[in-house]
Amino acid sequence: VTRSMKQEAHWLKTMGSSPELGEKKRMNQIVSLFMFSCGDYEKVKQDVWEENWKAMRLYSVVALVAFGVITLVSVFSLSIGKFKWVYLVYTFLSLVYFCISRCQLRSFLGKKLVVYSFFAALLLFGIITGTLITPEEFTVNYIVFMVAAPLLFTARTAVMNGLILSSMLLYIGLAFFVQHNPILSKNLVDVILYGVLSMLLTAMMMRRKLQRILYHKEMETLEVSKRESQERILNYERFLTDMVRYAASEENPDKVLNQLVEYIGQRVTADRAYIFEQNNRGTFDNTYEWCKAGVPKEKDNLQDVPYEGIIETWFAQYQESNNVIIHDIEECKKTSEAIYERLKPQGVNTLVTGPIKINGKMVGFYGVDNPPEEKLHEISKLIDMIEFMISFMIRLRNNADVLEHSALYDQLTDCKNRKALDWAYTEKLEKYFPLAVVMCDLNGLKEINDQKGHDAGDKFIVQAAQTLKSVFGKRHVYRLGGDEFIAVLPNITHPAFQKLLETAKSQLGATASLGTTISGTKDTDFESLLKAADAEMYENKKQYYIVTGKDRRKHSL
């Protein structure tokens, strides 16, 4: 009542003094009494009919007992004995409905028909009682059934009121034939009056019941959603914790990235997980890849992938949705033949990819192939978290590469430095057997520095270094200092070494003196190889000064 008064006060305040608006508001309220949103009803109809089915089980027992008692009484009563067949029929019907209610009826339509027929049968009993059985009395029984009907079951207002209205018309039709004035007139007035009252009561009760069920349904949905949200948050926390743990478990960022790719692939139960990065040529390389057992690796086949085509399309989509989701590769064929032709041969059916950004610029992407369809949207929500960790580790890796390069490479020539050669002194050389060593000392550097300046001398050193790297390979050439270089060639045969040596002598000419050696046995140590090559190099340098007639003391640094 208090709520109604507050609503009325709010209504008066809202409507102000406008009678037209007030009347319109009242009409809307009356209409809304008989209406219930179809969308809301669809949400709860399963629950409504499960509740009705349980109610029918209870009411069928009550009806069975009541009709059974009346049937027994009719056997000994002269006044109602002639109608004992009616009570017997209804006792039997109650038993049938009770038995049906005990069954697990799967058909939704079947449940509705059973409940509606039970409801109609009760109304029909009231009609029979008020017309055929006791036509000379007031129709109290029928009015009770009609008014109490909304308490029994829950359904759409229109259907329930339709049944009540149909029963009223049936009652009136039968009453005209079996009842006489003044009973007929009184009964008709009561039936119409209480019938209208019953339909209003039904409208209110149905609305309240449906709202109650909808409320509980929404509360259950909210509870489920809350649990799912909590579980999802816990999963995200575990996911982030595991990624941080992986990141902290390895000192090398490169190994961390491999671990992260493996974890992501296993976490989302995908066939393949990968990272693509843009290279210096503007194309993209598959730099990291994890594949489930039995899934072929594609990393070697996915190098120098051009930007135009798939990657260009995905980068444009990343700007809009921050990820790309393919639910079905066959559907993708309808929109992009190029993407279909690239992905289908790799066995891709579903896919999720996201961008890798460093300083706001997209430098690559990562993704998973063939995750379960039901996990696609969950994975898309992990995109931001995964992207942050991957981009962070790539930055760490790049910074580590820069630091490592500056620590192990000579800045002038980009050859490895003396520090990078530590492995040769510390490791066992038998796994590198045969191991060849080439000592190189440049000729005439001091003369170039004196006559043309140190810039010209630096260019001379760089040119010689480029020649050595082109012949022996960049990863095998070291600058020991000044104009002195060494090339260390593991696992090389004598013929291959001699061929490289001839090429080096041909390209270097008189600009360098070389000394070479190659291990004869697996237990040869590096220092003995270095001494042998160094001795030969100095002997060749001595011969250079003899042949050229230059004073070694004037031309040596």
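Which residue forms a salt bridge with K474, and how far apart are the closest N and O atoms? The legends below describe a predicted model, starting with that contact.

**View 1. Salt bridge between K474 and D414.** K474 pairs with D414, and their closest N and O atoms are 2.8 Å apart.

**View 2. Salt bridge between K292 and D271.** The side chains of K292 and D271 meet at 3.0 Å, N to O. This pair, too, joins distant parts of the chain, 21 residues apart. K292 belongs to the loop between strand 2 (284-291) and helix 11 (310-321), and D271 to the loop between helix 10 (253-267) and strand 1 (272-278). With a relative accessible area of 39%, K292 is partly exposed. D271 counts as buried because its relative accessible area is 17%, under the 20% limit.

View 3. E331 and K334 form a salt bridge with an N to O distance of 3.3 Å. Both residues lie in helix 12 (residues 329-335), and because they are three residues apart, about one helical turn separates them. E331 is partly exposed at 43% relative accessible area, while K334 is exposed at 66%.

**View 4. Salt-bridge network of R272, E289 and D369.** Salt bridges link R272, E289 and D369 in a network. The count of salt bridges in the model comes to 20.

**View 5. The protein chain around the close-ups.** The protein chain holds 20 helices and ten strands. Its C-alpha trace spans about 155 × 60 × 40 Å along the principal axes. The radius of gyration is 47 Å, whereas a compact globule of 557 residues would have one near 24 Å. Of the 557 residues, 42% are buried.

How values were computed: Residues are numbered from 1 along each chain as its sequence is written. This is a predicted model: local features need pLDDT of at least 70, side-chain atom pairs count only at pLDDT 80 or more; totals for chains, interfaces and linings use all residues. Side-chain values use heavy atoms; hydrogens and water are left out. Helices (H or I, at least four residues) and strands (E, at least two) are DSSP runs, numbered from the N terminus. The radius of gyration is taken over C-alpha atoms; the globule rule is 2.2 Å times the number of residues to the power 0.38. Buried means under 20% relative accessible area, exposed over 50%, partly exposed in between (1.4 Å probe, protein chains only). A salt bridge is a side-chain nitrogen of Lys or Arg within 4 Å of a carboxyl oxygen of Asp or Glu.
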